[in-house]
Structure formats: C-alpha cells, structure tokens
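This report describes a predicted model.

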Amino acid sequence: ANAGGQGFNAGLIVLLVVVGLLVTFLVGNYVLYVYAQKTLPPRKKKPVSKKKLKRERLKQGVSAPGE
C-alpha cells in the first residue's frame, strides 16, 4: 500500500466515524422522542392568562437558581 492510499483510508475512516456518530445521535433522539410520546399521557393544554405567564416569569427571574 502506498502512502497516498493510506492517507485516503484514514480520512475515510474519520469521515465514517463522524457520520456514524451523527446518525446514531439523530436516531437516538428520534427513538427517545417517539418513546416519550407513547409513554407520557398527552397533556391537556390549559388556557394560561398572560398575567400568569408574566408572574411565573418574574418568579423564575427573581428566585435563586439553587431553589
């Protein structure tokens, strides 16, 4: 095997590893998402008033992250 071929192989292996990781990550996320959809009961959306939203936001902003 000549040096040129070896360099190409190394690059190809790196590329394959990166692509493999990406695919694994995406597939894993999709599976988790589908699994969560199946297991969690569908949330009923409650109509939330804007005042409540503002109050919640203020509370979160004021409260310490440790709480």
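## Accessible surface

The accessible surface of the protein comes to about 7000 Å², and carbon and sulfur atoms account for 68% of that area. Of the 67 residues in this predicted model, buried residues make up 0%.

## Helices and the annotated span

The protein holds two helices and zero strands, and helix α1 covers residues 3–39. An unreviewed UniProt entry lists residues 12–36 under "transmembrane region"; in the model this span is 100% helix and 0% strand, with its end C-alpha atoms 36 Å apart.

## Nonpolar patch and Leu12

A nonpolar patch on the surface is formed by Phe8, Leu12, Leu15, Leu16, Val19, Val23, Val27, Tyr30 and Val31, which together have about 900 Å² of accessible area.

Leu12, one of the residues of this patch, has its place in helix α1. Because its relative accessible area is 38%, Leu12 counts as partly exposed, a class that lies between the buried limit of under 20% and the exposed limit of over 50%.

Definitions and conventions. Residues are numbered from 1 along each chain as its sequence is written. This is a predicted model: local features need pLDDT of at least 70, side-chain atom pairs count only at pLDDT 80 or more; totals for chains, interfaces and linings use all residues. Side-chain values use heavy atoms; hydrogens and water are left out. UniProt positions are given in the numbering used here, feature names are shortened, and annotations may be inferred rather than shown by experiment. Helices (H or I, at least four residues) and strands (E, at least two) are DSSP runs, numbered from the N terminus. Patches are made of residues with over 30% relative accessible area and no salt bridge: like charges are joined within 9 Å, nonpolar side chains (Val, Leu, Ile, Met, Phe, Trp, Tyr) within 5 Å. Accessible areas come from the Shrake-Rupley method with a 1.4 Å probe; for residues, only the protein chains shown count as cover. A salt bridge is a side-chain nitrogen of Lys or Arg within 4 Å of a carboxyl oxygen of Asp or Glu. Buried means under 20% relative accessible area, exposed over 50%, partly exposed in between (1.4 Å probe, protein chains only).
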